[in-house]
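Hello! Here is the structure I promised to pass on to you. Have a look at it first, and then read on for what turned up in it.

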Amino acid sequence: MQVLVAVAWPYVNGDIHVGHLAGYLLPADIFARFKRLHGHEVLMVSGSDCHGTPITVQADKEGISPREVVEKYHKLDLELFRLYDLSYNIYTKTNTENHRRVVQELFLDLLKNNYIVKDTMKQYYSMEDGKFLPDRYVEGTCPHCSAKEQRSDQCEACGRWLSDGELINPISKLTKSKVELKDTEHYFLDFKKFEKKLSSYLESRKKIWKKWVLAEAEGWLREGLEKRAITRDLDWGIELPIEEIEKLPKEKHLSNFKGKRIYVWFEAVIGYLSGAIEWSLRVNGQLSGGEQDIIFNFDKGQKKGWKEYWLNKTAKHYYFMGQDNLVFHTLMWPVQLMGTGKGYNLPTDVVVNKFMNYENKKFSKSRGWTIDSARIAKRYGVDLVRYYIIANLPENKEGNFTWKGFTDAVNNELVANLGNFVHRSLSFIQSRFNAKVPEGKLENEVKFEIRAAFCDCEELFEKVKLVEALERLFRLVAFANRYFDKKAVWKVVKEDEKEAENILYNCVQIIAALRVLLSPFLPGTSEKISAMLGQANVVCKVEEDNWRMEEVKAGTSLGKIDVLFEKLDFELVEREREKMK
RNA sequence: CGCGGGGUGGAGCAGUGGUAGCUCGCUAGGCUCAUAACCUGGAGGUCGUUGGUUCGAUUCCAACCCCCGCAACCA
């Protein structure tokens with residue numbers, strides 16, 4: 001079966017922090033890894049969102065061009081994703097030729113199908129700059145509280161909402177020159193025409209989506225969706241396919257196409273489709289070049305066509321994103337797909353996560369309240385960070401990253417439970433049994449526990465309940481430590497060597513199960529365990545279900561035994577925290 | 001009456017119309033193979049407030065109080 005793992009496209013205007021990892025990057029990676037292990041064909045697709053005001057704002061701030069901003073941060077993001085071992089099949093960008101083409105085609109489909117309409121709206125226009133300005137670039141005095149230098153949509157000082165034209169003495173943030181409201185014509189996506197279809201779409205996903213995600217989407221729909229502008233007056237963005245539009249009847253033309261670009265909200269999500277197409281072109285050798293600028297992977301046994309994922313009705317689509325993206329993926333993106341009339345697959349599940357806070361406060365780049373994801377991974381190890389974030393994923397309510405929580409989780413769960421069990425078992429074999437897996441038979445009790453762990457975790461994975469899946473697998477670790485204690489090998493070995501061998505054989509098989517169960521969450525740790533067991537790494541192959549324990553045979557020579565995780569010194573971490581502030 | 005979520009032992013969370021559970025923390029004991037790691041037991045809660053339905057409500061209903069997210073181009 002084909003599974004599209006669609007990961008939200010991050011703006012490339014700054015660092016990816018821990019909140020991004022928790023919100024969608026790690027959940028998507030873990031889910032994709034599980035699916036591959038299970039023998040499914042996975043296409044994990046994403047890329048950098050290169051357009052939109054956040055990019056131009058950052059460019060202004062740094063005194064460089066938007067293109068340079070994109071290049072700079074795209075490169076940094078790629079490095080980070082490689083560091084965290086995120087298993088994209090393709091991670092590309094929205095400023096590629098391929099993406100432009102796919103976006104323009106989709107736009108034309110909707111225009112031809114009469115789902116895109118024209119309308120006029122008012123926007124601030126700067127005479128001096130000779131162009132329209134996004135709200136972000138306009139400031140003035142609040143008519144309610146007289147606070148100066150407020151934005152045109154809401155006053156931060158008194159919190160009141162402003163409508164167009166209310167702001168007193170609006171000026172351009174760039175040139176400080178006067179701006180005035182002026183009519184401008186745009187294309188709009190007409191959501192009204194989709195209300196019925198959307199509501200039956202939501203109905204069909206009732207059992208799959210998280211309750212609050214569905215409730216939120218239904219709330220929006222109930223309120224009624226207005227038509228929404230899909231073009232802007234900008235010079236950074238994807239151009240309209242003017243030549244093609246002009247071939248259509250006159251009433252579909254704007255009176256003036258000059259300075260119109262496709263709005264980023266409409267265009268970026270199309271990346272899920274264009275990214276799949278790019279992947280397909282590269283796999284088939286129809287596109288090459290720029291390999292150092294993307295992440296590209298072809299899994300063993302995977303079919304090569306993007307249509308297998310997008311038009312094959314049995315394919316499943318899972319989307320991962322932060323809560324700010326909920327409306328775009330539960331309502332707008334489905335409309336864009338439906339409107340083409342081409343039968344593209346709609347999202348099966350839209351996995352939305354809440355945000356993660358940092359020491360009880362929102363992450364904030366501007367206030368410096370943030371954690372450098374690359375730095376903590378290098379300092380403490382990728383898997384320690386992956387573990388703590390996963391254990392605290394904001395699946396249903398806001399999460400929290402605290403240094404106390406981090407050290408506690410590492411010391412009590414990773415070191416004391418998982419690490420300890422693996423180490424006490426294997427080092428025992430090393431010192432008493434010459435580092436060879438002893439003879440034994442899998443006891444029923446152990447067999448049952450292992451099976452139950454695989455079974456329960458699988459069920460939780462299918463529902464994308466990743467925190468619970470992780471917790472469940474740690475219950476097997478707890479069982480393992482209990483088993484080790486109850487059996488008291490260290491005593492038995494003095495009286496009955498055969499029985500001691502049997503106990504340790506069983507422990508080895510539990511570890512063998514753990515390396516598989518852990519591999520979606522902590523791939524690095526899984527590899528370490530494999531090496532210690534003298535095994536090759538866990539394999540993923542299409543149509544081969546490797547979500548199961550594979551026996552490690554008696555007589556197998558163990559690799560070098562080492563501790564899996566080092567204990568963290570809270571004092572040192574505290575100091576780190578001071579530095580990071 | 002904008003939309004949505006939430007108030008449960010010190011902290012973070014599950015949960016159900018019928019004597020309230022988990023993880024961490026705290027505490028007593030056991031063990032000594034293991035990174036002072038592991039195992040067993042214990043203390044600690046009138047399940048936001050008020051009213052209603054019921055033989056019985058933490059769970060269902062109503063009102064109220066409080067907290068949070070979204071409605072902005074903030075993950």
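Let me start with strand E15, where alanine 6 has tyrosine 319 as its bridge partner. Before going further, please keep in mind that this is a predicted model.

Valine 7 has phenylalanine 320 of E15 as its bridge partner, and valine 3 sits opposite lysine 316 in E15. Taken together, strand E1 (residues 2–7) and E15 are paired in the parallel sense over five bridges.

How buried is E1? Six of the six residues of E1 are buried, so the strand is largely enclosed by the rest of the structure. You can follow this on both faces of E1: Gln2, Leu4 and Ala6 are buried on one side, and Val3, Val5 and Val7 are buried on the other.

Strand E2 (residues 41–48) runs parallel to E1, and five bridges join them. Here leucine 4 stands opposite leucine 43 in E2. If you trace the chain, you will find that E1, H1 and E2 make up a right-handed β-α-β unit.

Now for the other side of E15. Six of the seven residues of E15 are buried, so E15 is largely enclosed by the rest of the structure. Strand E15 (residues 316–322) runs parallel to E16, with five bridges joining the two. One place to look is tyrosine 318, which stands opposite aspartate 349 in E16. There is a right-handed β-α-β unit here as well, made by E15, helix H11 (residues 326–340) and E16.

Which strands make up the sheet, and in what order? Six strands form an open sheet with mixed pairing, and the order is E14-E3-E2-E1-E15-E16. Its edge strands are strand E14 (295–296) and E16, each of which pairs on one side only.

Even as an edge strand, E16 is well covered: five of the five residues of strand E16 (residues 349–353) are buried, so E16 is largely enclosed by the rest of the structure. Asp349, Val351 and Asn353 are buried on one side of E16, while Val350 and Val352 are buried on the other.

Which residues touch the most other members of the largest nonpolar core? They are Phe107 and Trp310, in a core of 178 residues. Helix H18 (residues 497–518) gives this core its largest share, 14 residues. A separate core of eight residues lies apart from it, with Ala59, Val69, Val70 and Tyr73 among them.

Leaving out residues up to four places away in sequence, tryptophan 310 touches Leu4, Tyr272, Leu273, Ala276, His317, Tyr319, Trp333, Leu337, Gly343, Tyr344 and Asn345.

Is glutamate 278 buried or exposed? Glutamate 278 has a relative accessible area of 3%, and buried means under 20%, so glutamate 278 counts as buried. Its contacts, setting aside neighbours within four places in sequence, are Ile90, Thr92, Thr96, Asn98, Leu287 and Ile294.

Finally, the RNA. How many residues surround RNA strand B? There are 45, and the closest are Thr53, Glu223, Asp324, Arg424 and Lys567. Of the atoms of RNA strand B that come within 4 Å of the protein, 63% belong to sugar and phosphate.

- The side chain of arginine 222 has an N or O atom 3.1 Å from a phosphate oxygen of RNA strand B.
- Alanine 416 has a backbone N or O atom 2.9 Å from a sugar or linking oxygen of RNA strand B.
- Phenylalanine 565 has a polar backbone atom 2.7 Å from a base nitrogen of RNA strand B.

Several helices give two or more residues to the surface near RNA strand B, including helix H1 (18–37), helix H2 (53–62) and helix H6 (211–223). The largest share of that surface, seven residues, comes from H14.

Happy exploring!

Key:
Residues numbered from 1 in each chain as written. Chains lettered and ligands numbered in written order. Predicted model: local features only at pLDDT ≥ 70, side-chain atom pairs only at ≥ 80, totals over all residues. Heavy atoms only, no water. Buried < 20%, exposed > 50% of the residue type's maximum accessible area, 1.4 Å probe, protein only. Helix = DSSP H or I, 4+ residues; strand = E, 2+ residues; numbered from the N terminus. Pairing = 2+ DSSP bridges. Right-handed = clockwise from strand over helix to strand, strands pointing away. Core = buried A, V, L, I, M, F, W, Y, C linked by side-chain atoms within 4.5 Å. Contact = heavy atoms within 4.5 Å. Near = heavy atom within 4 Å. Polar contact = N/O pair within 3.5 Å; in protein donor to acceptor, adjacent residues only side chain to side chain.
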